[in-house]
Amino acid sequence: MSTELPIVWEKMQKMIDDFIIMSPNIVLALIVFAIFFFIAKSIKQVVKNLTRHHRQARNLGLVLGRLAQGTTVLFGLFIALSIVIPSLKAGDLVQLLGISSVAIGFAFRDILQNFLAGILILLTEPFQIDDQIIFKNFEGTVEQIQTRATTIRTYDGRRIIIPNSELFTNSVIVNTAFEHRRLEYDVGIGYGDDINTARQLILKAMCETN
């Protein structure tokens, strides 16, 4: 027991010394990653602002902004790891990401499905922000199309969050897909009432409304 304690202490002392030696690199790496993280957020916001007032390009702007943000964050992560581990090469990182992506894919399958479905929805544009849609028992106006889910606001002021994978793989009714839309209403009249008279009154009411 007495011979093991000096060995353990030696190893702990070596770990502490190594950490002290590497601490400037770790701090620098954190600063570099933080800079790239804020740059990525700024790039996303700039792309979003450029396409905010163009309805047709708004969804594409969201896709490009998120892709640019993800790419910038990954680039910053690689530089930060290179500062902490100078011997790290690009090939090693690619191999590490390849192995990690398989494990992450199994662990977060549903999240990845929703993410890919969100990207495809933004690219194919089956509906856009501010469109009025019906999905199963939900109906409302599309507020946001995020990477995980789409948010709609119902007509009575409630918020519904629907996973993107469900929206992409199921039928969705888009009420505002076209400029003109035909509406149908059921109007009941009494059995003894005259149908032609009722028809004229309905047409008159419609004309006065227009």
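The following paragraphs treat the sheet, a helix, the nonpolar core and the aromatic pairs in turn.

The structure shown is a predicted model. Strands of a sheet pair through backbone hydrogen bonds, either parallel or antiparallel. In this model, five strands make up an open sheet, arranged in the order E4-E3-E2-E1-E5, and their pairing is antiparallel. Strand E4 (159–163) and strand E5 (173–174) are the edge strands, each of which pairs on one side only.

The sheet may now be followed strand by strand. Strand E1 (residues 132–135) is joined to strand E2 (residues 138–145) by four bridges in the antiparallel sense. Opposite Phe135 stands Phe138 in E2. Together E1 and E2 form a hairpin, with two residues between the strands. The next step leads from E2 to E3, which run antiparallel and are joined by five bridges. Here Gln144 faces Thr151 in E3 across the pairing. E2 and E3 likewise form a hairpin, with three residues between them. Strand E3 (residues 149–154) is in turn joined to E4 by five bridges, and these two strands also run antiparallel. Within this pairing, Ile152 has Ile160 in E4 as its bridge partner.

Attention now turns to a helix. Helix H4 (residues 109–124) contains 16 residues. From its first C-alpha to its last, H4 reaches 22 Å, close to the 22 Å expected at 1.5 Å a residue. Six residues of H4, namely Asn114, Ala117, Gly118, Ile119, Ile121 and Leu122, are buried. Just after H4, Glu125 takes a positive phi of about 55 degrees.

In soluble globular proteins, nonpolar side chains tend to be buried together. The largest nonpolar core of this model has 15 residues, and those that touch the most other members are Phe127, Val142, Ile145, Ile152, Ile162 and Leu167. At least two residues of this core come from each of helix H2 (55–84), H4, E1, E2 and E4. The element that gives the most is H4, with three residues.

Ile152 deserves a separate look. Which residues is Ile152 in contact with, leaving aside its neighbours within four places in sequence? They are Ile133, Phe138, Glu139, Gly140, Thr141, Val142, Glu143, Arg158, Arg159, Ile160 and Ile162.

The aromatic rings complete the account. The count comes to two aromatic pairs. In one of them, Phe36 and Phe75 are edge-to-face, 5.7 Å centre to centre and with 65 degrees between the planes. This pair links distant parts of the chain, since Phe36 lies in helix H1 (residues 4–51) and Phe75 in helix H2, 39 residues apart. How exposed are the two rings' residues? Phe36 counts as buried because its relative accessibility is 18%, under the limit of 20%. Phe75, with a relative accessible area of 46%, is partly exposed.

The other pair consists of Phe37 and Phe38. Their ring centres are 6.0 Å apart and their planes stand at 80 degrees, so this pair is edge-to-face. Phe37 has a relative accessibility of 36% and therefore counts as partly exposed. Phe38 reaches 54%, so this residue counts as exposed.

Definitions and conventions: Residues are numbered from 1 along each chain as its sequence is written. This is a predicted model: local features need pLDDT of at least 70, side-chain atom pairs count only at pLDDT 80 or more; totals for chains, interfaces and linings use all residues. Side-chain values use heavy atoms; hydrogens and water are left out. Two strands pair if DSSP finds at least two bridges between them. The expected span of a helix is 1.5 Å times one less than its number of residues. Buried means under 20% relative accessible area, exposed over 50%, partly exposed in between (1.4 Å probe, protein chains only). A nonpolar core is a set of buried Ala, Val, Leu, Ile, Met, Phe, Trp, Tyr and Cys residues joined through side-chain atoms within 4.5 Å. Contact means heavy atoms within 4.5 Å. Rings of Phe, Tyr and Trp (its six-membered ring) pair if their centres lie within 6.5 Å; planes under 30 degrees apart count as stacked, over 60 as edge-to-face and the rest as tilted.
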